[in-house]
Amino acid sequence: MRISIRDKSIAFKLRLYILTGLLLIYSAIMYIDYRISRRILLNNVTQNATHLALSTVYQIESVLTAAQKIPLNLAPILENIDITEPQIRNFLKPIVKYNSEVFGSAVAFEPYSFDPDAYFFSPYYYVHDDSLIYKKLGGDEYVYFYLDWYQIPKTLNRPVWTEPYFDENGGNIIMSTYSVPFYKTREDNRQFAGIVTVDIDLSWLKGMIESINITKTGYAFLISQRGTFITHPTDSLIMNESIFSMAEERGFADARRIGREMIAGKSGFINYNPFSANVDAWFHYSPLPSCNWSLGIVFPEHELMADLHQQFKLLLLLGLSGIVLLFVVITLISKMITRPLVQLARISDIIGTGNFDVTLPEVRGNDEIGKLNHSFELMKQELKRYMENLRETTAIKERIESELKVAHDIQQSIIPKIFPPFPEREDVDVYAILNPAREVGGDLFDFFFVGDKKLAFAIGDVSGKGVPASLFMAITRTLLRSKVFHNASASQIVSRINSDLCQDNENTMFVTFFLGILDLETGVIDYCNAGHNYPYILRADNSVEALDVTHGAPLGLFEDMNYKGGSVRLDKQEFIILYTDGISEAMNIRGELLGEEKLELLMKELCVYNCPKIIINQLMEKVNEFTGVADQSDDITLLVLGYYLKKDAPGFSCEKQLIISNKIEEIARVETFVEHTASQWKIDPETLNALMVASEEIVSNIINYGYGDQADEQSIHITMTRDKQRIIITFKDTGAAFNPLERESPDSIAKPLEERESGGLGIYFVKQLMDKVSYQREGRFNMLTIEKNIVQANGE
Amino acid sequence: VNFEQFSIMKNKGFYPLIVAVFLVFPLLLLGQQPAKVRFMPHWLHQAQFAGYYMASEKGFYSDHGLEVEILDGGPAYPVKKVFVEELAEFCTMFLSRAIELNDEGIPIVNICQTSQKSALVFVAKKSSGIEHIEDFNGKRIGFWRSDFQELPRAFLSKYDIECDIVPITSTINLFLSGGVDVMGVMWFNEYYQLYDAGIDFDELNSFFFYEYGLNFPEDGIYTSASFWDKKPDVCRKFAEATLQGWRYAFAHKEEAIEVVLRYQRTRNIPANKAHQRWMLNIMEKVIVPDNPDHFGHLDKTDFKNTEDVLIKSNSINKPLIYEDFNKR
């Protein structure tokens with residue numbers, strides 16, 4: 001999993017950012033410091049190298065120039081006097097004897113110029129095994145006229161240091177000869193007469209140059225005027241190799257150029273050693289002017305830079321220590337900052353669980369953390385206070401709610417709620433519902449007999465909702481009951497209620513109201529509509545008629561309003577439907593209203609039913625279909641009154657219910673129930689018989705198989721309803737889910753009775769006997785419904 | 001023939017032993033010890049003689065039944081002295097010098113002519129303004145005063161140069177210091193020494209003898225006529241093994257250079273690897289002929305040309321007979 005840097009802790013971020021920044025700055029400083037120190041050091045090294053080279057050159061030069069003076073002083077003497085051999089020996093002997101650096105000295109004459117009979121004449125003193133030896137040079141093997149030490153100064157007419165060479169008398173001694181020509185003037189003609197020489201043993205050079213202290217592995221070397229090594233720490237190079245062969249074998253490309261500069265008598269300082277690619281080193285060279293030799297000094301870079309590197313390492317160590325220290329300090333500081341934060345976070349979690357008594361961490365000082373802590377303390381206290389308030393408020397609310405519940409119960413109790421209300425009557429049936437949108441509502445309905453022959457029924461809708469509306473509704477209902485008396489017309493009653501309501505109605509609340517008084521003998525309804533929705537009448541010919549008359553403003557608005565009335569007649573099997581605007585203005589989630597038109601269409605569909613309860617249930621189903629999941633916005637009240645002539649009234653009720661337990665003995669009660677109900681509904685004996693057989697069969701099935709061996713007592717609900725065309729019996733039980741219709745199979749009929757599957761035969765007969773059998777599972781209930789069409793006895 | 005027995009012998013490695021015995025036996029019968037001979041190069045040890053060292057080093061001489069002692073040559077041992085005092089059986093020298101020696105009454109024969117091309121060069125610093133041969137007129141020209149004079153002189157006389165001739169013993173220092181304007185040098189030796197003294201090749205004007213119609217072959221192997229008459233086989237084998245040594249040296253230059261340096265160091269001769277490498281490379285140009293068949297041959301025309309020069313310069317009195325001189 002990749003963790004973003006944003007998810008890291010503050011301490012981590014502080015360390016990362018500060019240390020990274022610091023490291024960058026520190027590196028830059030280190031780099032710059034290194035460059036500057038290096039430059040300073042380089043300057044010093046250059047100066048030191050130059051100084052070292054010059055002092056070395058001076059030391060060598062002082063010896064060489066001292067040696068040079070010997071033949072230079074001797075030559076004029078030879079020119080001016082005619083000298084004898086012993087005299088020459090007297091000159092040469094002390095020269096060799098008393099000058100330690102002089103290995104030998106000679107005076108070499110031109111052929112026949114010293115002695116007209118002698119081709120060679122060259123007296124020579126030299127040192128051999130610490131003793132002075134005298135000999136005369138020259139012979140067939142040693143024709144000195146053609147040797148460098150003689151020939152070159154002679155040809156060039158000037159003193160010359162020869163190329164260094166090995167001592168010819170053996171011994172590993174390198175020598176160089178300083179040769180000075182001398183001349184004789186004969187007959188005004190100055191002619192070359194010979195050479196005076198000193199041979200200088202160069203072995204002291206090696207010792208001297210090796211003693212130059214140049215760092216640990218640095219070294220110096222000397223090359224001759226033609227580039228040959230005269231001294232070098234590597235002995236095998238001496239007299240064998242030259243600076244140029246070395247350049248050829250292992251040098252850089254421009255090594256040869258540097259070598260040429262060296263033998264040309266130039267000096268310089270370069271930051272690499274052109275004669276060795278192996279080691280990083282610097283190289284200084286300077287000439288020895290008297291003999292055209294050149295001194296080279298090699299400074300290994302790492303040794304030159306040793307101090308600088310030491311300093312750099314120390315700085316690096318200090319810097320890193322500083323960073324480590326800073327790391328610790330940052331860690332401590334960030335801990336100091338974040339510890340209270342972490343604690344606050346933990347405590348806020350605890351507070352979140354509702355515990356306000358937790359103590360906040362102690363934070364000293366009034367910095368940001370202190371302020372945050374203070375704010376937290378305030379927040380905690382505020383939350384605590386708020387929660388207490390909330391608790392009180394909730395308690396109050398709960399009290400109000402319980403009071404409202406009581407109010408609801410009271411309100412429900414003041415409207416009729418026992419249905420069927422008049423079971424003993426065969427000529428009329430009423431069913432009504434009141435569903436308040438809130439606990440209590442402003443709708444009302446009522447019905448009651450006025451004497452034996454008249455039934456008063458009313459519906460109303462108080463403006464507004466809730467408690468005030470419910471109180472107003474209660475008043476209205478009370479007034480209704482008190483104002484109705486024998487022979488008073490609906491309009492009179494309504495007018496009286498109005499005038500009473502108008503008194504002290506400071507809130508100008510009002511109620512739409514419909515009052516009807518049905519004469520049960522004639523079927524005529526005397527009614528008065530005070531601004532209420534128009535009732536509908538379902539006529540026996542399946543037509544719907546709206547009672548679209550209003551007799552005045554709603555009650556409670558105008559005290560002196562004189563309401564008129566109207567009348568309408570119901571025929572047998574006709575129904576009047578009263579409703580409040582909770583129906584007509586039922587709203588779906590799209591904000592569309594049901595409306596009068598749609599309502600009237602719905603009414604037409606209801607004509608098939610001849611029972612007020614079914615009508616209301618069907619209507620509510622339709623209305624709920626329309627509103628869907630939308631909240632009920634207004635109180636809904638429905639009242640349906642069915643009027644039957646005596647002889648064909650449906651009976652006490654169009655719905656009978658029996659509740660039995662799951663015991664086989666209860667089947668006898670079912671038989672009695674069906675028989676009694678059917679006789680009330682004047683059902684022909686054949687139909688009755690079929691219904692009885694079917695019911696008996698089904699109930700025994702449910703008890704035997706639906707519950708099986710279940711020991712505890714369960715109830716089976718049997719509901720019997722009728723409409724104009726059929727009888728419907730519904731069996732509702734809590735047994736195991738079981739659809740008997742699926743068990744039935746035509747094959748099983750052919751089998752002997754004892755082999756048939758249990759219940760299979762019964763259901764088969766039920767289906768034969770009934771016009772329709774249906775089953776559905778509703779929640780934990782099995783619902784089995786059987787229908788039997790009836791033949792209308794009156795032959796309609 | 002018992003085939004079974006034969007196969008057993010073969011399997012046990014018996015057969016090669018028999019073969020070896022048959023091969024070695026005749027040599028044992030002859031009973032010849034390896035012939036002991038001495039060889040004297042005509043100068044100090046250097047790559048100029050690499051072929052001889054390699055022949056000895058790689059066992060080519062002993063392969064030829066020779067036990068060769070390589071002596072230290074140098075200025076102390078002029079070739080005349082070598083033959084007069086019989087210091088060595090074999091010796092190298094320039095063709096011209098060999099002809100002269102015969103004329104001086106020392107009968108020597110050429111048994112192998114290694115050098116096919118003259119390595120002589122006249123060099124002049126460009127700064128001296130000498131561009132052409134005619135510029136030599138009136139200048140100081142240095143060359144060796146010993147065995148090698150005739151050819152430079154022949155060069156100068158061929159082009160009618162009037163100049164001061166300065167004899168030099170051995171070093172290039174006079175030229176370096178400006179004491180002479182032109183110097184005769186060997187291509188493989190002093191020519192490189194100039195470079196090794198810091199003078200770039202492009203600072204020099206060089207006059208290669210072979211480019212001026214004076215291609216005198218130089219190094220050859222010589223022995224006395226009497227030794228040839230006595231042991232021509234030994235002479236032939238020495239020549240053959242030496243040529244083999246040269247072939248090896250040219251094919252394994254770095255190895256050969258190390259051997260040369262070893263010869264030099266053990267005798268305290270200035271040893272300069274770069275110089276020896278140069279020398280060996282030039283020796284290859286000088287020795288390996290255009291025609292591979294002429295490896296080690298003395299061309300009669302070259303011989304005649306060299307002889308002519310010597311006669312013209314009065315270095316010799318009478319011509320030699322090529323066939324008497326060249327023995328193979």
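Which residue forms a salt bridge with Lys397(A)? The partner is Glu401(A), and the closest N and O atoms are 3.3 Å apart. The model is predicted. Both residues sit in helix α9 of chain A, four residues apart, so about one helical turn separates them. Glu401(A) is partly exposed, at 36% relative accessibility.

Asp357(A) is exposed, with a relative accessible area of 57%. Lys384(A) is partly exposed, at 35%.

Arg38(B) and Glu89(B) join their side chains in a salt bridge of 3.0 Å, N to O. Arg38(B) belongs to strand β1 (residues 35-40), while Glu89(B) is in the loop between α5 (79-84) and β3 (90-94), so the bridge ties together parts 51 residues apart in sequence. Glu89(B) counts as buried because its relative accessibility, 17%, is under the 20% cut-off. Arg38(B) reaches 27% and counts as partly exposed.

Salt bridges also form a network. Shared partners connect Arg256(A) and Arg260(A) with Asp200(B) and Glu203(B). Over all chains, the count comes to 41 salt bridges.

Asp548(A), Glu585(A), Glu596(A), Glu597(A) and Glu600(A) form a negative patch. One of its members, Glu596(A), is found in helix α13 (residues 595-605) of chain A. Glu596(A) is partly exposed, with a relative accessible area of 38%.

Notes:
Residues numbered from 1 in each chain as written. Chains lettered and ligands numbered in written order. Predicted model: local features only at pLDDT ≥ 70, side-chain atom pairs only at ≥ 80, totals over all residues. Heavy atoms only, no water. Patch = residues over 30% accessible without salt bridge, like charges linked within 9 Å, V, L, I, M, F, W, Y side chains within 5 Å. Areas by Shrake-Rupley, 256 points an atom, 1.4 Å probe, with all protein chains shown as cover. Salt bridge = Lys/Arg side-chain N within 4 Å of Asp/Glu carboxyl O. Lys, Arg positive; Asp, Glu negative; His and termini not counted. Charge placed at Lys NZ, Arg CZ, Asp CG, Glu CD. Helix = DSSP H or I, 4+ residues; strand = E, 2+ residues; numbered from the N terminus. Buried < 20%, exposed > 50% of the residue type's maximum accessible area, 1.4 Å probe, protein only.
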